[in-house]
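Please look over the sequence and the model shown here before reading on. The report that comes after them is written for a reader who is new to protein structures.

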Amino acid sequence: MSASSVQSPPKLASPVVTLNDGRAMPQVGLGVWRTPPAVTAEVVCTALEAGYRTIDTAAAYVNEAGVGEGVRASGAPRDAVFVITKLWNRDHGYDETLAAFDKSLERLGLGYLDLYMIHWPVPSQGRYIDSWRAMVRLQEEGRVGSIGVSNFMVEHLRRIIGETGAIPAVNQIELHPKFQQTDLRAFHAGQGIVTQSWSPLGQGQLLKHPEIARIAARHGKTPAQAVIRWHIDSGLAVIPKSVHAERIAENFEVFDFRLDAEDMAAVAALDDPTGRIGFDPLTFS
Ligand code: NAD
């Protein structure tokens, strides 16, 4: 890849969502969970060249250093890329969060961070309020642009908002056609919290579903593109993952079509309250 192709305006550009702190986040990004550290820099470069401007990592993914290396190697201006990382479960607590943030920032090597999230609430530890207070401080100090959470349920959100008055900019949650989280999304909408979908393709399992295939064929698109478009047309931020250049590009070629009311109704009918494929936020530690 060439640095100049990232420095010039991308041939494809994601819409942006405006966060409740006034900052803008590109709606479609790349997720790097289970992207091996050794290939992360190259994968991130490939995504930036394809036009991606949001990259989602986490301390627990053990590839923050590769993300930073990829952003730097791409030649993309730092302020053109929106980098997200997350506080891991064992680092909950006020001082622990401040220390974990420093380590993440050092591994990324990008000077500042765009969005720092609490990865899981871990209610059994009972420390997410302390972690959230530390996040608020990091934002006040200008060390991170935006602060958010991940895998928070309504009860956890009510608690941090009630006790600190600080509303997360984003809640990143498991969300795909088989698990649509409509109640939590309604709560987010009432609070001005952006919903960001993780495992948006159902970890690939959804792509063989006949209804998804039918919608994709109607639009002359692939099943992955149809599902990503469903997230966009639902007002969700979305971070599909791939390590393959052709799929990274495919997953970003989603800005030239729209699902219609019939498609949206067909996907709505796929929702299944038992459709969760990841961990349960109430019990995961
Ligand atoms: P995903 O739903 O994005 O699915 C990724 C898989 O789908 C790939 O590994 C591949 O098998 C397949 N795939 C991707 N593009 C394809 C294409 N064009 N054609 C065919 N198959 C394709 O799954 P994910 O990685 O679990 O989730 C995406 C991102 O969400 C993660 O990388 C991570 O950044 C984030 N995430 C966050 C949490 C959290 O707790 N906050 C949990 C899980 C994932």
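The sections below go through the sheet, some helices, a few single residues and the ligand.

## About the model

This is a predicted model, in which local features need pLDDT of at least 70 and side-chain atom pairs count only at pLDDT 80 or more, while totals for chains, interfaces and linings use all residues. Residues are numbered from 1 along each chain as its sequence is written, and side-chain values use heavy atoms, with hydrogens and water left out.

Helices (H or I, at least four residues) and strands (E, at least two) are DSSP runs, numbered from the N terminus.

## The sheet

Eight strands form an open sheet with parallel pairing, in the order β3-β4-β5-β6-β7-β8-β9-β10; two strands pair if DSSP finds at least two bridges between them. At the edges lie β3 (30–31) and β10 (237–238), each of which pairs on one side only. Helix α5 packs on the sheet, where it touches β5 (82–87), β6 (113–118) and β7, and its direction makes about 160° with that of β7. For such angles, axes are lines fitted to C-alpha atoms, for helices over the stretch in contact, and the values run from 0 to 180 degrees between N-to-C directions.

Within this sheet, β7 and β8 run parallel and are joined by two bridges, and Ser150 stands opposite Gln172 in β8. On pairing with strand β9 (residues 194–198), β8 is again parallel, here over five bridges, and Val170 stands opposite Val194 in β9. Five of the five residues of β8 are buried, so this strand is largely enclosed by the rest of the structure; buried means under 20% relative accessible area, exposed means over 50%, and partly exposed lies in between (1.4 Å probe, protein chains only).

In helix α6 (residues 154–164), the buried residues are His156, Leu157, Ile160 and Ile161. They lie on the same side of α6 because they cover an arc of only 125° around the axis, the arc being that of the directions from the helix axis to the C-beta atoms. The other side of α6 holds Glu155, Arg158 and Gly162, which are exposed. Among the elements that cover the buried residues of α6 are α5 (128–140), β7 (144–150), β8 (170–174) and α7 (182–191), where contact means heavy atoms within 4.5 Å. After α6 comes Gly165, whose phi is positive, near 75°.

Helix α8 (residues 210–218) has Ile212, Ile215 and Ala216 as its buried residues. Seen down the axis of α8, these fall within an arc of 100°, so they line one face of the helix. On the face of α8 turned away from that buried side are the exposed residues Pro210 and Ala217. The cover over the buried residues of α8 includes α9 and α11 (261–268), and just after α8, Gly220 takes a positive phi of about 65°.

Which residues does Ser146 contact, leaving aside its neighbours within four places in sequence? They are Leu19, Asp21, Arg23, Asp114, Leu115, Tyr116, Gln139 and Ala169. Ser146 lies in strand β7 and counts as buried because its relative accessible area is 0%. The side chain of Ser146 also makes a polar contact with the side chain of Arg23 (3.3 Å). A polar contact is a pair of N or O atoms within 3.5 Å; within protein, one must be able to donate a hydrogen and the other to accept it, and residues adjacent in sequence count only if both atoms are side-chain atoms.

Arg229 lies in helix α9 (residues 223–233), and at 6% relative accessibility Arg229 counts as buried. A polar atom of the side chain of Arg229 lies 3.1 Å from the backbone oxygen of Phe257. Apart from its neighbours within four places in sequence, Arg229 is in contact with Val254, Phe255, Phe257, Arg258 and Leu259.

## Around the ligand

The ligand is surrounded by 26 residues, of which the closest are Asp56, Ser150, Gln172, Ser199 and Leu201; a residue is near a molecule if one of its heavy atoms lies within 4 Å of it. A polar side-chain atom of Asn151 lies 2.9 Å from an oxygen atom of the ligand. From the backbone, an N or O atom of Pro200 lies 3.3 Å from an oxygen atom of the ligand, and for a backbone N or O atom of Gly204 the distance to an oxygen atom of the ligand is 3.5 Å.
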